[in-house]
Amino acid sequence: MSGQAVATTPAGRSAFLGMLEPLGPLVAAFVVAGLVLLAAGHNPLEVYGLLATEAFGSSRRIAATLSAATPLILTGLATAVAFRAGAFNVGVEGCIFVGGLAAATVGFTFAGLPAALLLPLALLAGVVVGSLWMLTPGVLKARLDVDEVVSTLMLNFIAISLTAWLVNGPLLAPGSANSATPMIADAARLPKLMPPSTLNAGFLIAIALLGLYALWGSRTALGFETRLAGMNPRFAIASGIDVPMLVIKMMLLSGAIGGLAGGIHALGNVGRFVAGFSPGYGFTGIAVALLGRGSALGIFLAALLFGALANAGATIQFFSDVPIEIVDILQGTVMVFAVAQLGRLIVRRRRAA
């Protein structure tokens, strides 16, 4: 049967439309940003071409784009894991902060340990602390049906304030006027993949986790159960699945990946924990997960898009008269159209519950 014949059947049309659906927010965002560029006196096609060149025009630029995409792969994955079980975790940003601080603290506290021990220990600290940070909202959601969107959102503010207090108090680097911890030991640093770029082994960890996520979702019983619970929790409960416990597990896993994202950012890029540690990786991860439709490949491509915009946007203003705010508008518009799907998913899930 030809591909054209498949596309003309109801199932074929549904699959075809499902493939095109993630492109809708992108097309809408680029059209809106194009109108803004036209109103500002710029040629949208020239600006988009310059963005593509700055993001992928050379090996150095590709490395910078992949480096910018690394935390977004992880935060998108953390968000998708919870979404898959029907839990809308918007608290990954907080996990980045507490996970990053935990990893950095281990990195400078146990500086005498060898790299083979210190680096895994620091990353593990980020994973454990990030996972524990999601325990409370997971239990509240599973046992008391407390809205996890509200509880995880509030935890973000607590995480940011708590880490800011710690880094200005007991964890402040001696003699430093800045809100920063001491630098981590060299043994705790993630190896660079393409020096002098910032691309490091954290990118390989993120890609490996994407592969595991794809296998877990398609080849394991737990992956099937989470998908069923996310699509129709009532049917999942009737099938004998312990959905509340499943939600707790996925929230812990989501927090662990978010904490790992913070640890990789601290050990691979920053080299310490500083106030304002994340520029919003957790919130961008929501858009990444939604644009990627929860698939491993989709998450990677969506993270690559936002990584390219972040990387190219930082340099485009040096090579043109296009202000950085135009790129910010493009990023924000993509996020708005992507996050608009969140409301539709919430309504769909509540109707199925």
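**Loop residues, salt bridges and a helix pair**

Arginine 293 counts as partly exposed, at 41% relative accessibility; under 20% relative accessible area is termed buried, over 50% exposed and the range in between partly exposed, for a 1.4 Å probe and protein chains only. The structure is a predicted model, in which local features need pLDDT of at least 70 and side-chain atom pairs count only at pLDDT 80 or more, while totals for chains, interfaces and linings use all residues. Residues are numbered from 1 along each chain as its sequence is written, and side-chain values use heavy atoms, with hydrogens and water left out.

The protein chain contains 16 helices and zero strands; these are DSSP runs numbered from the N terminus, with at least four residues of H or I for a helix and at least two of E for a strand. Of its 353 residues, 49% count as buried. The chain exposes about 16,000 Å², of which carbon and sulfur atoms supply 70% (Shrake-Rupley method with a 1.4 Å probe; for residues, only the protein chains shown count as cover). Where contacts (heavy atoms within 4.5 Å) join residues at least 6 apart in sequence, 75% of them link residues at least 24 apart.

Arginine 293 is located in the loop between α14 (281-291) and α15 (296-319). Its phi is near 55 degrees, a positive value in a residue other than glycine. Aspartate 145 also has a phi near 55 degrees, again positive in a residue other than glycine. This aspartate belongs to the loop between α8 (135-144) and α9 and is exposed, with a relative accessibility of 58%. Another loop, between α9 (148-168) and α10 (202-219), holds proline 196. The peptide bond joining proline 195 to proline 196 is cis, with omega about 5 degrees. Most residues other than glycine have a negative phi, and most peptide bonds are trans.

A search of the whole structure finds four salt bridges, each defined by a side-chain nitrogen of Lys or Arg within 4 Å of a carboxyl oxygen of Asp or Glu. Among them is the pair of lysine 141 and aspartate 145, whose closest N and O atoms are 3.3 Å apart. Lysine 141 is buried, at 12% relative accessible area, whereas aspartate 145 is exposed. The side chain of lysine 141 also meets that of glutamate 148 in a salt bridge, at 3.4 Å from N to O; lysine 141 and glutamate 148 are both buried. Aspartate 186 counts as exposed, with 65% relative accessibility, and arginine 189 is partly exposed, with a relative accessible area of 31%.

Helix α7 (residues 115-133) packs against helix α13 (residues 243-270) at an angle of about 140 degrees, and their axes are 6 Å apart. Axes are lines fitted to C-alpha atoms, for helices over the stretch in contact, and angles run from 0 to 180 degrees between N-to-C directions. The angle makes α7 oblique to α13, since under 35 degrees counts as roughly parallel, over 145 as roughly antiparallel, 65 to 115 as roughly perpendicular and the rest as oblique. On the α7 side, the residues that meet α13 include Leu119, Ala122, Gly126 and Gly130. Their counterparts in α13 include Gly255, Ala256, Gly259 and Gly263.
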